[in-house]
Each structure stands twice: as C-alpha cells, then as structure tokens.
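Visitor: Could you walk me through one part of this protein up close? I'd like to hear about the charged side chains and how they pair up.

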Amino acid sequence: MASVPPAASPVAAPVGATITMKRAPHTFDAWRLVRERGVLEGTFDVAAAPRLAERVAEDAAPVAWRIEGTTDGAGRPALAVCVDGNVSVECQRCLGPLVVPVARRTVTLLAKSEGDADALDADSDDEVLVADHPLDPHELVEDELLLTLPFAPRHDEGLCAADGG
C-alpha cells in the first residue's frame, strides 16, 4: 500500500463523526472511508487530465469533487462520488467555446473481488467498483467526467455560430 503523509490520512473518529480532508491523498482505502463515514474533497485540474485532454479546452477550469464513504439503500458499502463545476469544451459544429455545467453524484458499490462485483452488478442498478487496492480519488473523478461530458458537444439549437446564432 502506498504511504500517505500523516496530514493527508484520515484519523480515527467516533462513530457517526465525519472525517473531512481538505488535502486529498494520492490514494485512499475505500473500505476505511465507508467504515468511518469519511469524506474526501478537493479540486481536479480538468485541463491536465490525460484521458480528457482531447475533450476539453486547454483553459478548462478545475472542478470541485467530493467522495463520501456511505452505504446504499440495502446497507451495502458504497462511495458517493460528486463532481461539480463548469467544463470548457469546443462545440463540434462551430468550433467555438462551449461551457458544459457538471453536477453529478454517483453511488458506486464496493466489491472485494471480481466475483463479488459480478454478484452485486446482477443485483443492483448502481455502478460497482472492485476496491481490492488503494483507490486514486482523481482517477474516480476523471472517470465521472468521462461518463458525464458529451462525446460531441454542441451549442443548443439557434445558439451556435454554425446556425448563424
């Protein structure tokens, strides 16, 4: 397991207490975050994300993110991954700037193995993540953005320069 500087590590807290970390670790233990009902939060530099490089503008502003250790309606361990902000992209019709608002919260069930993930996936509509290793919060946020941002962003009808708007 990668070592995390003490300032970035969650601390033990009384049951029901919220652990909030202002400085995100490079990796975290998802099971511990759920057990302690912890919260990780920070900002994510969208423009510097390798998998988003071709989909966002070079001057794209950072987005805020929050990862909460929680459970789903059936009491199963889960992470709630929240991403909030405005992402600058290029309209695929007029090639002009376009801002896409992002406000997404996804509940992702945790599995200890691929077999557990298959069983959970068959039993739930929620996303399932195998958390058999420390997780990278920025990777989870980047995944959410990849799923959220339109593949071919375009201005609304009548607002695009290609329409004369």
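**Salt bridges up close**

Guide: Let's start with E144 and R104, whose side chains meet in a salt bridge at 2.5 Å, N to O. E144 lies in helix 3 and R104 in strand 5, so this pair ties together parts that sit 40 residues apart in sequence. Keep in mind that we're looking at a predicted model.

Now move over to R66, which has a salt bridge with E41 at 3.1 Å, N to O. R66 lies in strand 3 (residues 63-71) and E41 in strand 2 (residues 38-44), so here the tie is between parts 25 residues apart in sequence. R66 also meets E68 through its side chain, at 2.9 Å, N to O. So what do these pairs belong to? E41, R66, E68 and R105 are linked in a network of salt bridges. As for cover, R66 counts as partly exposed at 29% relative accessibility. E41 comes out as buried at 17%, and E68 is buried too, at 19%.

Strand 5 (residues 97-111) has another residue to look at, T108. T108 counts as buried, with 9% relative accessibility. Leaving aside residues up to four places away in sequence, T108 touches P77, A78, L79, E127, V128 and L129.

One of those contacts, E127, takes us to a charged group of another kind. E127 belongs to a surface patch of negative charge, where it gathers with E114, D116, D118, D121 and D132. Helix 2 (residues 114-123) gives the most to this patch, with four residues. D132 has its place in the loop between strand 6 (127-130) and helix 3 (137-148). D132 is exposed because its relative accessible area is 54%, over the 50% cut-off.

Of the contacts with a separation of 6 or more, 51% are between residues 24 or more positions apart. Buried residues make up 38% of the 165 residues in the chain.

Terms used
Residues numbered from 1 in each chain as written. Predicted model: local features only at pLDDT ≥ 70, side-chain atom pairs only at ≥ 80, totals over all residues. Heavy atoms only, no water. Buried < 20%, exposed > 50% of the residue type's maximum accessible area, 1.4 Å probe, protein only. Contact = heavy atoms within 4.5 Å. Patch = residues over 30% accessible without salt bridge, like charges linked within 9 Å, V, L, I, M, F, W, Y side chains within 5 Å. Areas by Shrake-Rupley, 256 points an atom, 1.4 Å probe, with all protein chains shown as cover. Salt bridge = Lys/Arg side-chain N within 4 Å of Asp/Glu carboxyl O. Lys, Arg positive; Asp, Glu negative; His and termini not counted. Charge placed at Lys NZ, Arg CZ, Asp CG, Glu CD. Helix = DSSP H or I, 4+ residues; strand = E, 2+ residues; numbered from the N terminus.
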